[in-house]
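These are my notebook entries on one protein. I record what I looked up, entry by entry.

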Amino acid sequence: MVVGNLRHAQVTIDERAIFNNVAAEKQRLPKETDLFAVVKADGYGHGMVPVAQAAKKAGANGFCVALLDEALGLRQALLTEPILVLGITDPEYSNIAASMDISLAVGSREWLIQAKAVLAQTVPLRPLAVHLAVDSGMGRIGFTDLSEFLRAVHYIQTNSEYFDFEGVFTHFATADSEETAYFKQQSAKFNSFVAALDDRPRYVHVSNSATSLWHEACNGNMIRFGVALYGLNPSGDALKLPYTLQPALSLTSEIVFCKEIHAGDCVGYGATYTAKTDEWVGTVPIGYADGWLRRLQGFYVLVDGVRCEIVGRICMDQFMIRLPKAYPMGTKVTLVGEDGGQTIRLQDVADYSQTIHYELACILTNRLPRNYIKI
Ligand SMILES: *Cc1c(COP(=O)(O)O)cnc(C)c1O
């Protein structure tokens with residue numbers, strides 16, 4: 001994708017916020033608990049490699065990604081820490097993972113049998129490290145049946161030249177909720193699986209950000225710290241944070257065009273906005289092709305510390321705002337972040353557009369350049 005380096009619209013990532021969020025969480029964790037920074041989906045839109053490097057400086061012990069390609073991207077950036085791929089990888093690529101020292105999540109014995117056939121074709125430098133996924137109630141990937149799980153463990157142990165039983169984990173569906181009954185049910189199921197093991201693997205892990213923030217008692221010995229490292233509350237505004245998180249991402253642009261329109265004049269596709277009086281309208285060069293959703297019509301941005309309404313439909317590459325007065329070309333516009341003591345949080349944008357901040361961060365496309373405030 002072409003990056004708009006010459007445009008006046010950019011995502012700015014404050015690496016100091018990432019550093020501080022990881023450092024604050026590390027400080028809360030018992031010494032023996034490792035923190036793996038979750039940097040999948042290009043670091044939730046923040047940039048995978050710079051985020052991983054900032055997290056590492058703050059004490060992250062490893063990384064989690066969703067895809068084998070993402071794991072290879074980290075290795076290419078010369079990150080040598082443990083990496084776990086959380087999604088299911090095609091067993092055909094198990095030798096790539098083994099040779100690059102990348103650990104894979106495994107959810108069935110069938111997968112192991114297929115991977116062994118692949119691994120057996122080359123002389124492996126080292127066994128493939130696997131983390132067995134237990135589906136304790138998320139309904140996504142992993143073992144639901146204890147005896148099937150134990151058969152897989154046995155299979156790994158009797159094929160130790162191919163596999164290293166490095167971890168066992170589960171994922172909670174409701175860790176970010178006030179209601180804890182379902183969480184407890186999942187937790188009990190996972191614990192019964194772990195209790196059935198003769199030997200615990202190196203990593204036993206259950207915690208995404210929400211679990212680590214609000215259910216720290218069951219952290220295991222590694223956490224998969226995702227959205228919170230970017231400074232976002234996993235629950236939205238539902239649960240109070242145990243410490244302050246610093247949002248790392250801001251989104252800014254400039255007014256590229258400004259004009260006065262008159263009562264009765266319309267703005268944008270469909271002519272959905274009609275001026276009631278004479279008013280100033282500015283154009284901002286970001287649109288839904290950048291991930292600034294079309295349904296944000298009626299929301300606001302900050303200009304000069306003042307909230308300005310988005311008028312008319314968001315276009316693919318531009319949108320219009322109502323200004324209190326004329327502003328020169330080049331005047332800063334803040335879509336996400338702080339300006340003049342006012343703040344627009346990604347959560348505010350999410351509330352207005354009826355989604356979650358996770359989704360909004362991920363869909364800011366690479367046409368928007370990323371600028372980094374270095375640690
Ligand atoms: C994405 C993911 C995480 C990170 O979740 P956050 O809510 O961002 O902390 C942890 N574990 C698994 C299995 C995931 O898929």
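**Entry 1: K40.** I looked up the contacts of K40, where contact means heavy atoms within 4.5 Å. Residues up to four places away in sequence not being counted, K40 touches C64, V65, A66, E70 and L86. I note that this is a predicted model, in which local features need pLDDT of at least 70 and side-chain atom pairs count only at pLDDT 80 or more, while totals for chains, interfaces and linings use all residues. Residues are numbered from 1 along each chain as its sequence is written, and side-chain values use heavy atoms, with hydrogens and water left out.

K40 belongs to helix α2, which spans residues 40-44.

**Entry 2: the "active site" annotation.** I then consulted the UniProt record, an unreviewed entry, where "active site" covers K40 and Y269. UniProt positions are given in the numbering used here, feature names are shortened, and annotations may be inferred rather than shown by experiment. The two residues are spread over 230 residues of sequence and, in space, up to 35.6 Å between C-alpha atoms. Of these residues, K40 is included in the lining of the largest pocket.

Where does Y269 lie? I found Y269 in the loop between β12 (266-267) and β13 (273-274). Its relative accessible area is 58%, so Y269 is exposed. Not counting residues up to four places away in sequence, Y269 touches R313 and C315.

**Entry 3: the "binding site" annotation.** Under "binding site", the unreviewed UniProt entry lists R140 and M316. These are spread over 177 residues of sequence, and in space they are up to 34.2 Å apart between C-alpha atoms. Of these residues, R140 is included in the lining of the largest pocket.

I located R140 in the loop between β6 (128-134) and α7 (146-157). With a relative accessible area of 55%, R140 is exposed. Leaving aside neighbours within four places in sequence, R140 is in contact with D135 and H171.

M316 lies in the loop between β16 (306-311) and β17 (319-323). M316 is partly exposed, with a relative accessible area of 43%. Beyond its neighbours within four places in sequence, M316 is in contact with G287, Y288, A289, D290 and R367.

**Entry 4: the largest pocket.** A pocket is found on a 1 Å grid over the protein atoms alone: it is an open set of points where a 1.4 Å probe fits, with protein on both sides within 12 Å along at least five of seven lines, and lining residues have an atom within 4 Å of a point. Grid points are joined across faces, edges and corners, and a volume is the space filled by probe spheres set on the points.

The largest pocket has a volume of about 620 Å³. Its lining has 32 residues, and K40, M138, R140, H171 and N208 lie nearest its centre. Among the elements that each supply at least two residues of this lining are α2, β6 and β7 (163-170). I sorted the lining into 20 nonpolar, seven polar and five charged residues. Here Ala, Val, Leu, Ile, Met, Phe, Trp, Tyr, Cys and Pro count as nonpolar, Asp, Glu, Lys and Arg as charged, and the others, Gly among them, as polar.

Entry 5: The protein is divided into domain 1 (15-230) and domain 2 (249-344), with bounds from an automatic or database domain assignment. Their C-alpha centres lie 42 Å apart.

Which domains contribute to the lining of the second largest pocket? This lining draws at least three residues from each of domain 1 and domain 2. The second largest pocket holds about 410 Å³ of space. Of its 26 lining residues, G231, L232, P247, R345 and L346 are the closest to its centre. The largest share, three residues, comes from β18, which spans 332-339. The lining divides into eleven nonpolar, ten polar and five charged residues.

Methods: Helices (H or I, at least four residues) and strands (E, at least two) are DSSP runs, numbered from the N terminus. Buried means under 20% relative accessible area, exposed over 50%, partly exposed in between (1.4 Å probe, protein chains only).
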